Every structure is written in C-alpha cells, then in structure tokens.
Amino acid sequence: MLRMYFAAMTAVLVASALAPTAQAQLPVPLSITDTHDFNADTKSDVLWRNDSTGQLALWFMNGASIASATGAGSATTDWEVVGQRDFNGDGFADILWWNMISGQVAIWFMNSATLIGGGSPGTVSTSWRILGTGDFNNDGFSDILWYNISNGQVAIWLMNGATILAGSGSPGRVTTDWAIFGTGDFNGDNRWDILWRNQSTGQVAIWLMNGAAISSAAGIGTLTLDWVIAGTGDFNGDHMSDILWRNQTTGQVAMWFMNGTTVTGGGSPGTVSIIWTIVETGDFNADGKSDIVWRDASGNTAIWLMDGATILPGSASLGNVPTIWSIQGTNAD
C-alpha cells in the first residue's frame, strides 16, 4: 500500500535535505508528443500495471522495440494511476495516483524506474474524477484536470511538484451530457486545452485554456456516436495536438489535424479488427510525431509509428503480455 511508499519517500527526502544544494535548473517544457517519457530520452515509454497485485512495470521504448524492461514499484489496487507527466520539472515523467475509496491524491516523482520523492497534494470528494493532465499555465510543470460527475463542474489544479498553486480554480460548469475526452495543446501556445464531446449528439468542442481560465471555446464538428475519440497527439508534427478517432463498428481509424478549433485536414491510416483497442499514444521513435499503441483481447501488443495519417515502416508487434497486466496510457492522458 502507499503507506510503505510514504515511509520510503520520507527517508529519501531526509537524505536529500542533508545533501549539498545543487544549482537550480529551469523546468523542462512539457512535450505534446513524448508523453510518458520516464528516462528523459525524448521517447515515450509504456507503463504497465498488474490488475491483481498492483505491481508496476516499465518498458523503455526505442521505436517499436523494447530497449529494456523493469519493475517500478507497487500500490494496493484501491489506488489508480491517473496520469504520467512531469510534475516537478526535471524532464522525467512522474506517476499521479488517485485513491478511489478515500479520494486522496498522491504523486510519485520518478527518475527512470526509481522513486526519488513525492507527496500528496490533498484529498477530494469521490464525486470528483481526474480526467486529464497537462501544463495549463506554461510553467513547465504538469497540472491536474478535475471533473465533478454529479454536477458537471470543472476544476484545474495548477501544480508545482506536489503543491497546488495560487491561480487554481474552476473554469466553469457543463451539462452532464458533455464529457471530457482528452487534453492537448490544440493551438500551439504551450498551454494545454480541453477536448469535449456531447455523448447525446456526437458534437465535439474545445476549450482553449490559459491557466484555469477559458481563453476561447468553440464547436469543431460532429460525428455519429459509432465514432469514438481514441486519443490525442501531434500526428503531423506541427506542434499542435490532433484528434484520433476509432469507429467501434467497422474498426476504421481516422485523424483530425487541428489548428486551434479548426480542422485543417486528416485521413485514415486503415481499419483494424475491433478485437484490437487503441490503448496509448506517444512519440516512441523521437521524430516529433505521435504514434499509436494497440492491444487485443488476448494480450497481443503492437505499435504503429506514424507520419500524419501514414503508418511508417518499422511498425511492429511487441509480443504478448498476459491480460492481467494493463497498459496505463488511457488513464487520464
């Protein structure tokens, strides 16, 4: 359980307090492509969790190859991984936890697969859910996006490590037929934005954000409800997030290339049997463009390396992992 983690973390923090003071470094800007980069090599990695034991494991990736794999700690299964971003500005992805019973939030500061510190910014009523992470105020530290499932209220915690900053707050409330389907920098201003979809009509909308305030908002189009939003990422390398779609009936994959709240283009890289699910996006080969991780019902895993809506040579299977293990990429990121 996390009690053991906090004991270990205290020892780490005491030791670090006695160490010589290092020269301060500026936080590393968050990338919209190399999400989940735990070893700071500008390539996304894959975080796994054993659904039975709570154990974590990391695959450090090099394109469609597993460069190395290692354990990364464990927590009791009342704790969920709800984010993998850089909260302390050191260039390494950290792990954001939420306790589904108590509502407590905790952050593990990571250096590769090693826990180097962390803390708990607070406890929130379980009517609230963490539905996204990203740098909403462009300070180089990941922030936390909340949504109240009872009344549609939205809130943002602006973070510095495990500390909630002044300026955190609520940008507004929506009717509960609208759901948050992702975050990303859709207009290239280095501030994360919020992607919405109306679950009754299929309409899609974006809130362009400046910290915890909405700078502008607009609808961007409508698709039938057999199309689901499967992720966000910069697939065409223009430094603006795009929207990844999957048709649940036919298995077709499609992309909308975005410029703010305008769809500038797109395409379909192909159709895949619906036994396969998109479980993560990230830049696994460090080419500045997001790629797609797939998993099927039997535990087979594969990566599409992407250039816009084109699947690149080098895309490959990553093998089979027992289904008791889950990729954590869809939890809020």
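Residues are numbered from 1 along each chain as its sequence is written, and side-chain values use heavy atoms, with hydrogens and water left out. Because the model is predicted, local features need pLDDT of at least 70 and side-chain atom pairs count only at pLDDT 80 or more, whereas totals for chains, interfaces and linings use all residues.

**The sheet**

Helices (H or I, at least four residues) and strands (E, at least two) are DSSP runs, numbered from the N terminus. Two strands are taken to pair if DSSP finds at least two bridges between them.

| Strand pair | Sense | Bridges |
|---|---|---|
| E9 (residues 143-148) and E10 | antiparallel | four |
| E10 and E13 (residues 169-173) | antiparallel | three |

Opposite Val154 in E10 stands Tyr147, and opposite Ile156 in E10 stands Leu145. In E13, Gly169 is the bridge partner of Ile156. The hairpin of E9 and E10 has four residues between the strands, and Gly152 takes a positive phi near 80° there.

Burial is defined by relative accessible area: buried means under 20%, exposed over 50%, and partly exposed in between (1.4 Å probe, protein chains only). Five of the five residues of strand E10 (residues 153-157) are buried, so this strand is largely enclosed by the rest of the structure. Gln153, Ala155 and Trp157 point one way from E10, while Val154 and Ile156 point the other way.

**The core**

A nonpolar core is a set of buried Ala, Val, Leu, Ile, Met, Phe, Trp, Tyr and Cys residues joined through side-chain atoms within 4.5 Å. The largest one has 18 residues, of which Phe136, Leu145, Val154, Ile156, Ile194, Trp196 and Trp207 touch the most other members. Two or more residues each come from E9, E10, strand E14 (178-184), strand E15 (193-198) and strand E16 (203-210). E16 gives the most to this core, with three residues.

Contact means heavy atoms within 4.5 Å. Not counting residues up to four places away in sequence, Phe136 touches residues including Leu145, Ile156, Trp192, Ile194 and Met209.

Rings of Phe, Tyr and Trp (its six-membered ring) pair if their centres lie within 6.5 Å. A search of the whole structure finds seven aromatic pairs, and ring pairs link Tyr147, Trp196 and Trp207 into a cluster.

**Two loop residues**

Thr33 lies in the loop between helix H1 (2-18) and strand E1 (46-50). Thr33 counts as buried, at 8% relative accessibility. Beyond four places in sequence, Thr33 touches Ser44, Asp234, Gly282, Asp283, Gly288, Lys289 and Ser290.

Leu312 is placed in the loop between strand E26 (310-311) and strand E27 (316-320). With a relative accessible area of 24%, Leu312 is partly exposed. Leu312 touches Asn285, Asp287, Leu305, Met306 and Asp307, not counting residues up to four places away in sequence. Leu312 and Ile243 are 69 residues apart in sequence and 19 Å apart in space, C-alpha to C-alpha.

Technical notes. Rings of Phe, Tyr and Trp (its six-membered ring) pair if their centres lie within 6.5 Å; planes under 30 degrees apart count as stacked, over 60 as edge-to-face and the rest as tilted.
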